[in-house]
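Here is a short briefing on one protein model. Look at the structure first, then read the points below.

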Amino acid sequence: MKKRILLTYCMYGNGHRAIAEYIEKYFKEQDPELEIMAIDLLRYSTPIIGSLTQKVTDFFLLKFPIGWTIIYDLFNTRLSSAIAVQNSKSIFNNKRMRKIITDFNPDMTISTHFFGSSLIDYYNRKGIINSKLITVVTDYEAHALWLKGYKKEQAIVVGDKDEVNYLVKKGVSKSIIKPIGIPIHPITSNNFDVEKAIKKMGFSGVKPICLFFGGGGNGGTHSLPFIKTLIRDNLDIDFIYVAGKNQAAKEKVDNWIKLYDAKNFKTFGFVNNVPELLQMCDFVVSKPGGAQSTEALYFKKPIIMINCSGGQEVANYKYFERNGYGKRFKTPFFFHYYFKKISENPSTIGQMQENMAKNKNNEAMQKLYIEAMKHLK
């Protein structure tokens with residue numbers, strides 16, 4: 001009989017979905033016989049409440065990071081997180097949700113959001129399903145909300161080995177903590193010619209190349225002062241600027257490029273070739289989201305972090321700085337000064353590149369697959 005794996009995530013931001021999609025693609029590649037279903041829990045949630053919580057979360061994440069940090073810290077205790085999980089049942093535990101999950105009847109659930117883990121743990125305890133459970137923490141810190149089902153989980157996957165002692169102190173058995181890294185697996189072509197792609201972009205390949213993620217969310221507006229300083233200074237660095245779906249941001253950047261006659265910039269809107277762009281660049285500018293930061297780590301590209309949304313992203317940038325994988329800047333002034341250093345001496349980012357080369361996060365997906373198959377037998 002085919003084994004069934006349920007992947008659960010919530011669209012509070014894009015990172016939880018991105019990791020779930022990476023897992024789905026990789027597992028299907030490894031075993032086409034697996035039945036895999038990935039669901040956004042918000043799609044089946046109580047309509048008004050689910051939509052409201054998503055809008056409120058997006059507002060704080062994108063517009064009010066200090067407020068998000070306050071909320072994040074408020075629920076990062078055993079009591080407050082238990083209250084939050086209990087209240088989440090009014091959002092997710094309904095007839096539609098129960099039907100979609102019981103009809104699929106998973107042998108295993110891999111959850112990339114804590115509400116998914118809590119829901120499956122609840123269904124298991126009530127005898128509604130009998131599913132093995134693996135939780136994948138998609139940032140570099142396990143918030144208290146991730147720990148609500150740990151007594152029943154087969155594994156908790158974390159990105160940072162330093163999380164082990166922290167989780168043990170929280171009561172988690174060391175045997176189920178798997179510090180293998182955040183699992184991503186970008187699809188890349190063996191035939192991709194990096195040098196040819198750089199030439200096609202119009203770059204010489206002699207200067208350092210920076211991939212600047214400036215679109216979407218707060219990045220579409222809050223990153224503009226950062227990118228403007230780089231356009232104005234005409235540094236000895238080539239830039240690929242990706243605005244995502246934020247057309248207004250792209251237009252502003254294009255206008256500044258014309259105004260300052262900057263020859264070292266190429267701009268794009270929404271792209272679907274991020275793995276190729278990451279292979280072409282030498283380093284990255286981005287907000288410290290779990291998925292996007294881990295993609296940079298996968299390709300061993302140092303990350304210059306701006307526009308932190310607070311909460312879990314604080315842990316992310318601290319992880320990257322602590323391990324020498326990147327630097328974080330709060331203001332355009334110091335950001336601009338650091339880029340001048342890179343322009344004058346490209347070896348400025350050399351140590352970060354060496355540090356990243358020692359990281360084995362690109363093995364995380366394979367290790368997750370092995371762990372999952374062990375529990376499916």
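**Helix α10 and its partners**

In α10, Pro225, Phe226, Thr229, Leu230 and Asp233 meet Pro332, Phe335, His336, Phe339 and Lys340 in α15. The residues of this contact of α10 with α15 divide into 6 nonpolar, 2 polar and 2 charged. Keep in mind that this is a predicted model.

**α10 with α15**

- Helix α15 covers residues 332-344.
- The axes of α10 and α15 come within 9 Å and cross at roughly 40°.
- The crossing of α10 and α15 is right-handed.

**α10 with α11**

- Helix α10 spans residues 224-233, and helix α11 spans residues 247-259.
- Their axes lie 10 Å apart, and the helices pack at an angle of about 20°.
- Angles under 35 degrees count as roughly parallel, so α10 and α11 are roughly parallel to each other.
- α10 and α11 also make a right-handed crossing.
- On the α10 side, Leu224, Ile227, Lys228 and Ile231 take part. They meet Ala249, Lys252, Val253, Trp256 and Ile257 of α11.
- The residues of this contact of α10 with α11 comprise 7 nonpolar, no polar and 2 charged.

**The whole chain**

- The protein chain has 17 helices and 12 strands.
- The protein chain has 377 residues, and 55% of them count as buried.
- Take the contacts in the protein chain with a separation of 6 or more: 71% of them join residues 24 or more positions apart.

**The nonpolar cores**

- The largest nonpolar core has 54 residues.
- Which residues have the most contacts inside this core? They are Ile5, Phe27 and Ile110.
- Phe27 touches Ile5, Leu34, Ile36, Ile110, Met365, Leu368, Tyr369, Ala372 and Met373, leaving out residues up to four places away in sequence.
- A second, separate core has 29 residues, including Leu230, Ala243, Ala249 and Phe339.
- Leu230 of α10 and Phe339 of α15 are also listed in the contact between those helices.

**A buried asparagine**

- Asn355 sits in helix α16, which covers residues 350-357.
- Is Asn355 buried or exposed? Its relative accessible area is 19%. Buried means under 20%, so Asn355 is buried.
- Asn355 is in contact with Asn323, Gly324 and Tyr325, leaving aside its neighbours within four places in sequence.
- Gly324 is 31 residues from Asn355 along the chain, yet their C-alpha atoms are separated by 6.2 Å.

Technical notes. Residues numbered from 1 in each chain as written. Predicted model: local features only at pLDDT ≥ 70, side-chain atom pairs only at ≥ 80, totals over all residues. Heavy atoms only, no water. Core = buried A, V, L, I, M, F, W, Y, C linked by side-chain atoms within 4.5 Å. Buried < 20%, exposed > 50% of the residue type's maximum accessible area, 1.4 Å probe, protein only. Contact = heavy atoms within 4.5 Å. Axes fitted to C-alpha atoms, helices over the stretch in contact; angles between N-to-C directions. Helix = DSSP H or I, 4+ residues; strand = E, 2+ residues; numbered from the N terminus. Parallel < 35°, antiparallel > 145°, perpendicular 65-115°, else oblique. Left-handed = near helix turned anticlockwise from the far one by under 90°. Nonpolar A, V, L, I, M, F, W, Y, C, P; charged D, E, K, R; others polar.
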